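User: Hi! I have a model open on my screen and would like to talk it through with you.
Analyst: Happy to, send me your questions.

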Amino acid sequence: MPRLANWAVIGIFLIMGFAAVAAGRDFLMPVTMAILLFFVFTPLRRFAERRGVPDALTAAGITLSILFAVAVLAYAASGPISRTMTNMPLISTQLEQKFENVRDSVADLRDAARRIDEVQSGDRGEDAALPAIRVETEGETTLASVARYAPLLLGQVVFTLILLFFMIASGDLLYLKIVQSFDRMRDKRAAYLALREIEDSLGNYLGAITIINAGLGLAVGLAMWAWGMPAPLLFGLGAFVLNFIPYLGAITGVIIAGLVALVVMPGLFWPAMVMLTYLGLTSLEGQLITPYFVSRRLQMNTVVVFLAVALWAWLWSVLGMVIAVPVLVVMRVLAEHVPGWEKFGNFLAGDTPPALTDEDEDEARDLVEAGAEAEDGETARAATAGLVDPPSPA
């Protein structure tokens, strides 16, 4: 009974924790982003400090560089996005015409819908004399949505950069305070090593992913230019940004490329080729390039990554999807240094997790392999129980 009560308390704590994270997104998002960037740029700050550069000057240079990069990306994307929004009515008309043949293939459903409309607009006996009430709702335009969310987004960016500046300018003060919070020297050393490993892991992961995404953006932009697509620069920038979101970013890019191709290209064959080109480039990046250049030690369980992306998307929308994997990297490093979290770190690991210091590891592996070789449930239970030898695969 006490064990059940403990699990109930843990469940309530998790529910309340997720609710608090979702409710405090406007504050927690920039704070989380600033902390992740702090770990990424701390090695650079330490490198500059050894060469006599003041920490405040390094912090100013880093924050201004980030601000400049964001401004350049926004300026490069503003022109194509503005033209797209201006031509949105024409684009909608062209898409409707493009799908005319598709609607013809579902004529039965269209006829059924037309009959329903005729019934609704025809005579209704006594109710026909009643006046028809038409309710019109005025939806918010895209420009109004941008104007409403732009101040909040700009404020979060500014808050992130200011917090990042103070964290970097403080030097090793944060590390010192964290290490001083432990009593024993062994714990102090373990905490400092964990912080340094988070630096290395986040820096290596985000550095490699940024370079790979830049190459993918260049390849996608050139491919869209070769296909004669409009605004190939925007496609390249989009591929670069979207690829920070595992799985869902690539799918979104493929869909956007296909919709634009439907507008500017005749028929359905050439739009399909554009989509396949985008899909082929992202698949090449995801299946070959990233696994080769990203350290195997930083690779994650694909199921856990997908669930983490979905969870953070639910909590923090787009930015949550971007930070999902870096947060997993931090949790993976912490699991390697916190006693009792070793198996959790093993669960987060990819296809080749590190060996655990567990005397039952070989027995667990033999148990799983014996059950996997069985053809049905009964044979698997017998094999794992040691009653019969597992059948050899055909």
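User: Let's start with Ser317: does Ser317 count as buried, partly exposed or exposed, and at what relative accessibility?
Analyst: Ser317 counts as partly exposed, because its relative accessibility is 33%. Buried means under 20% relative accessible area, exposed means over 50%, and partly exposed lies in between, using a 1.4 Å probe and protein chains only. Before we go on, this is a predicted model: local features need pLDDT of at least 70, side-chain atom pairs count only at pLDDT 80 or more, and totals for chains, interfaces and linings use all residues. Residues are numbered from 1 along each chain as its sequence is written, and side-chain values use heavy atoms, with hydrogens and water left out.

User: Thanks! Where is the place of Ser317, and what is its phi near?
Analyst: Ser317 sits in helix 13. Its phi is near 60 degrees, a positive value in a residue other than glycine. Most residues other than glycine have a negative phi.

User: What span would a straight helix of 36 residues have, and what does helix 13 span?
Analyst: A straight helix of 36 residues would span 52 Å at 1.5 Å a residue, but helix 13 (residues 302-337) spans only 23 Å between its end C-alpha atoms. The expected span is 1.5 Å times one less than the number of residues. Helix 13 also has a kink of about 145 degrees, centred on Trp316. The bend at a residue is the angle between axes fitted to the seven residues ending there and the seven starting there.

User: And helix 12, what should it span, and how far apart are its end C-alpha atoms?
Analyst: The 25 residues of helix 12 (residues 269-293) should span 36 Å at 1.5 Å a residue, and the end C-alpha atoms are 35 Å apart, which agrees. There is a bend of about 35 degrees at Glu285 in helix 12.

User: Which residues of helix 12 are buried, and which helices do they pack against?
Analyst: Pro271, Val274, Tyr278, Thr282, Glu285 and Thr290 are buried there. The buried residues of helix 12 pack against helix 9, helix 10 (232-242) and helix 11 (248-264). Contact here means heavy atoms within 4.5 Å.

User: Last one: how many helices and strands does the protein chain have?
Analyst: The protein chain has 16 helices and zero strands. Both are DSSP runs numbered from the N terminus: helices are H or I with at least four residues, and strands are E with at least two. Of the 394 residues in the protein chain, 28% count as buried.
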